[in-house]
Amino acid sequence: MFKTIKKIAMLLSVIAFMSSCATVKSPLGGILYTNVKSPVAITGNSNSTKVGSSEAISVLGIVAAGDASIDAAAKSAGISKIHHVDQQSKSILGFFAKYKVFVYGE
Amino acid sequence: MVWLARHLFFIAMLLLTSKINGQNIEKYYTSSLQEKGTLYFIFPQSGFENNKTKSKLIYDITYLATTDTVTLNFSYFDKLERTIDSAVFVNTNQRFSGSIKKLFIETNKSKWHYRYTSKILFTDINSFFNQTNNPTIILYTQQGIVELNIKTKNWKRQSSVTKKILTLIKYNQ
């Protein structure tokens with residue numbers, strides 16, 4: 001019984017330790033798993049016919065790369081008038097994190 | 001330490017299994033209600049590659065439900081400088097092309113990043129993803145023809161996910 005508790009405690013402490021490794025910007029976060037979509041911005045432009053996305057990733061908090069800018073997302077779909085911008089944050093056990101930006105416009 | 005490795009391996013396998021069998025299409029697309037109808041965006045998909053030069057193509061699909069055409073944006077990465085004239089999608093019983101328009105050309109490390117957009121009929125794209133055989137994307141450039149193929153395993157996953165999303169779109173029309 002004691003061994004099991006010890007194992008669970010060690011596993012949780014390892015997960016907690018790892019979760020501080022690859023972190024991602026998000027309004028809500030989970031230690032084991034995060035997958036949250038949330039708003040970034042909205043403009044006064046009235047319509048959307050195009051969607052563009054951009055992303056950046058982090059592995060173990062050691063390597064982080066990518067271009068998750070609004071500009072990159074808008075450019076990828078040829079958007080010149082932005083309607084609104086959303087973001088999606090994902091992370092798994094602190095090993096891997098991904099941050100995506102979605103731009104809607106025309 | 002062995003038990004920790006076993007636990008982590010088990011969690012990794014669990015996540016992998018759910019990814020393969022669950023076919024949770026929600027993570028492959030997003031939808032937004034607009035004035036002119038629902039706007040669907042199928043996230044970028046990769047896997048098309050030239051066997052010799054290893055040049056790659058990544059595409060994403062945008063569809064406004066009230067129209068009859070989808071917008072297929074693609075990024076093509078190649079070491080050579082090219083001028084792309086057209087893109088043709090070839091499957092067992094089907095061959096179609098859409099007019100393409102350049103969005104931008106950039107350099108990405110040692111490769112050129114060509115970003116283009118094309119308009120394709122919804123019915124064409126729907127039947128393209130409904131076929132089980134591996135398709136080919138052919139790029140006609142002024143420097144020659146580039147054939148891009150996809151591996152069977154990758155196509156099976158990609159076509160089944162996209163097919164399901166397109167079915168969902170049809171149900172909501």
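Author: Let me begin with a term: a residue is buried if 20 or more other C-beta atoms, placed from the backbone, lie within 10 Å of its own, exposed if 12 or fewer do, and partly exposed in between. This is a predicted model, in which local features need pLDDT of at least 70 and side-chain atom pairs count only at pLDDT 80 or more, while totals for chains, interfaces and linings use all residues. Residues are numbered from 1 along each chain as its sequence is written, and chains are lettered from A and ligands numbered from 1 in the order in which they are written.

Reader: How many helices and strands does chain A have?

Author: Chain A has 2 helices and 5 strands, where helices (H or I, at least four residues) and strands (E, at least two) are DSSP runs numbered from the N terminus. Read from the N terminus, the elements of chain A follow the order α-β-β-β-α-β-β.

Reader: In what order do the strands sit in the sheet?

Author: The 5 strands of chain A form an open, antiparallel sheet in the order E1-E4-E5-E2-E3, and two strands pair if DSSP finds at least two bridges between them. E1 and strand E3 (63–67) of chain A are the edge strands, each pairing on one side only.

Reader: How many bridges hold E1(A) to strand E4?

Author: There are 9 bridges between E1(A) and strand E4 (residues 82–92) of chain A, which run antiparallel, and Thr34(A) stands opposite Ser91(A) in E4(A). E4(A) is also joined to E5(A), by 10 antiparallel bridges, with Ile82(A) having Gly105(A) in E5(A) as its bridge partner.

Reader: And H2(A), which strands does that touch?

Author: H2(A) packs on the sheet, where it touches E2, E3, E4 and E5 of chain A, and its direction makes about 135° with that of E2(A). Axes here are lines fitted to C-alpha atoms, for helices over the stretch in contact, and angles run from 0 to 180 degrees between N-to-C directions.

Reader: Back to burial: how many residues of strand E1 are buried?

Author: Strand E1 (residues 33–42) of chain A is hardly covered, with 1 buried residue among its 10. Across the 106 residues of chain A, 32% count as buried.

Reader: Switching topic, how many residues of chain A are in contact with chain B?

Author: 17 residues of chain A are in contact with 21 residues of chain B, contact being C-beta atoms, placed from the backbone, within 7 Å of each other. Helix H1 (2–19), strand E2 (50–59), helix H2 (70–77) and strand E5 (96–105) of chain A each supply at least two residues of that side.

How values were computed: Two residues are in contact if their C-beta atoms, placed from the backbone, lie within 7 Å.
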